[in-house]
Amino acid sequence: MRMGVLSNKNIVSRAAWNDRIRYRATSLNAIGTSLVMLGFFLPGIRLWDQYDHSLACSEVMQVSLSYIKS
């Protein structure tokens with residue numbers, strides 16, 4: 001009877017240990033994914049911010065004016 005109780009505790013402690021490993025892996029995965037996303041989005045935002053939008057706006061204005069005139 002005593003042996004069954006000890007083996008049951010070992011199973012519970014193994015399950016708890018596996019859950020700790022799983023939660024740690026999940027949190028590290030979230031941190032790693034966040035860093036990768038920042039690595040892709042921050043340079044893209046910087047490039048978009050430095051893009052010369054005046055050319056695109058002037059083209060839009062020309063097309064809009066030609067549409068209005070016709």
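**Notebook: salt bridge and greasy patch**

Started with Asp19, which comes out partly exposed, with a relative accessible area of 29%. I kept in mind that this is a predicted model.

Next I looked up the partner of Asp19. Its side chain meets that of Arg22 in a salt bridge, 2.6 Å from N to O. I checked that against the cut-off, which asks for a Lys or Arg side-chain nitrogen within 4 Å of a carboxyl oxygen of Asp or Glu. Side chains of opposite charge can pair when their charged atoms come close. Where do Arg22 and Asp19 sit relative to each other in helix α1? They are three residues apart there, so about one helical turn separates them. I then looked for the total, and the count comes to one salt bridge.

Moved on to the nonpolar surface. I found a patch made of Leu28, Ile31, Leu35, Val36, Met37, Leu38, Phe40, Phe41, Leu42 and Ile45. Together these residues have about 1000 Å² of accessible area.

I picked Phe40 out of that patch. Phe40 belongs to helix α1, which runs over residues 2-50. Is Phe40 buried or exposed? I get 62% relative accessibility for Phe40, so it counts as exposed, because the exposed class starts over 50%.

Last, the whole-protein numbers. I see two helices and zero strands. Buried residues make up 0% of the 70 residues, where buried means under 20% relative accessible area. The accessible surface of the protein is about 6900 Å², and carbon and sulfur atoms hold 68% of that.

Note on methods. Residues are numbered from 1 along each chain as its sequence is written. This is a predicted model: local features need pLDDT of at least 70, side-chain atom pairs count only at pLDDT 80 or more; totals for chains, interfaces and linings use all residues. Side-chain values use heavy atoms; hydrogens and water are left out. Patches are made of residues with over 30% relative accessible area and no salt bridge: like charges are joined within 9 Å, nonpolar side chains (Val, Leu, Ile, Met, Phe, Trp, Tyr) within 5 Å. Accessible areas come from the Shrake-Rupley method with a 1.4 Å probe; for residues, only the protein chains shown count as cover. Helices (H or I, at least four residues) and strands (E, at least two) are DSSP runs, numbered from the N terminus. Buried means under 20% relative accessible area, exposed over 50%, partly exposed in between (1.4 Å probe, protein chains only).
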